[in-house]
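I opened this notebook to record what I looked up in the model, one topic per entry.

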Amino acid sequence: SFIYEGKSALERQIFDFLGFQWAPILGNFLHIIAVILGLFGTIQYRPRYIVLYSIWTALWVTWNVFIICFYLEVGGLSKETDLMTFNISMHRSWWREHGPGCIRRVVRPTAPGIIDDISYVSVTGCIIDFQYLEVIHSAIQILLSLIGFVYACYVISVFMEEEDSSKY
């Protein structure tokens, strides 16, 4: 469970880096560290690390629910804001221009006085819109995290039983 969760978070980290989405990059980084600690805690019989992983997993599920609400524009959220970039750079999901079937075309502005460096991207023909791909990624993260949480709780209970039985 930890391995799949770590691979999935790493894959998501790569696509968030490509889209300059700094808030998800930070969250993914912390999640990868928590998964490594959970794996280490399981291998080295360290229940505190697994408890830390379990607490982080609850926060991670909450974050992914927020991401789903953000991309589906639930409750006044808008995917067009710079919320995911901490207003440092322009927010763009990498999937917006590179999704399955998308045809990307750069259009140079022709109006006088506009700097030649500025260009606009036109995207057509996408099989699935980028926001749904982001929602799918978050849903997969939630599913893997819930499986990891159940597994972590089981491992903690096994460790506690072994600790109790060794006292007598």
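Is Q131 buried or exposed? I found Q131 to be buried, because its relative accessible area is 12%; buried means under 20%, exposed over 50% and partly exposed in between, with a 1.4 Å probe and protein chains only.

**Entry 1. Basis.** I note that this is a predicted model, in which local features need pLDDT of at least 70 and side-chain atom pairs count only at pLDDT 80 or more, while totals for chains, interfaces and linings use all residues. Residues are numbered from 1 along each chain as its sequence is written, and side-chain values use heavy atoms, with hydrogens and water left out.

**Entry 2. Q131.** I placed Q131 in helix α5; helices (H or I, at least four residues) and strands (E, at least two) are DSSP runs, numbered from the N terminus. Setting aside neighbours within four places in sequence, I found Q131 in contact with Y71 and K79, where contact means heavy atoms within 4.5 Å. I also looked up the pair Q131 and I67: they are 64 residues apart along the chain, and their C-alpha atoms are separated by 9.8 Å.

**Entry 3. R46.** I located R46 in the loop between α2 (22-43) and α3 (47-71). R46 is partly exposed, because its relative accessible area is 41%. Which residues does R46 touch, leaving aside its neighbours within four places in sequence? I listed F40, G41 and F159 as its contacts. From R46 to I156 I read 8.9 Å, C-alpha to C-alpha, for a sequence separation of 110 residues.

**Entry 4. α2 with α3.** Axes are lines fitted to C-alpha atoms, for helices over the stretch in contact, and angles run from 0 to 180 degrees between N-to-C directions. I recorded the crossing of α2 past α3 as left-handed, meaning that the near helix is turned anticlockwise from the far one by less than a right angle, whereas clockwise would be right-handed. The contact of α2 with α3 holds 14 nonpolar and 6 polar residues, and no charged ones. In this scheme Ala, Val, Leu, Ile, Met, Phe, Trp, Tyr, Cys and Pro count as nonpolar, Asp, Glu, Lys and Arg as charged, and the others, Gly among them, as polar.

**Entry 5. α1 with α2.** I next took helix α1 (residues 2-18), which packs against α2 at an angle of about 160°, with the axes 9 Å apart. α1 and α2 are therefore roughly antiparallel to each other, and their crossing is left-handed. On the α1 side, I listed residues of the contact including F2, I3, L10 and F17, and on the α2 side residues including W22, I25, F29 and L39. By class, the contact of α1 with α2 divides into 12 nonpolar, 6 polar and 3 charged residues.

**Entry 6. α1 with α3.** How do α1 and α3 cross? I read an angle of roughly 40°, with the axes coming within 15 Å. α1 and α3 are therefore oblique to each other, and I noted a left-handed crossing. From α1, F2, E5 and R12 meet Y53, W60, W63, N64 and I67 of α3. I counted this contact by class as 5 nonpolar, 1 polar and 2 charged residues.

**Entry 7. Cysteines.** I searched for disulfides, taken as pairs of cysteine sulfur atoms within 2.5 Å, and the count came to 1. The disulfide joins C102 to C126, with S to S at 1.9 Å. C102 lies in the loop between α4 (95-98) and β1 (103-107), and C126 lies in the loop between β2 (120-124) and α5 (130-167), so the pair, 24 residues apart, links distant parts of the chain. The torsion about the S-S bond of C102 and C126 is about 120°, so the disulfide is right-handed. I found C102 buried, because its relative accessible area is 17%, whereas C126 is partly exposed at 26%. I also looked up C69, partly exposed at 23%, and C153, partly exposed at 35%.

Conventions: Parallel < 35°, antiparallel > 145°, perpendicular 65-115°, else oblique.
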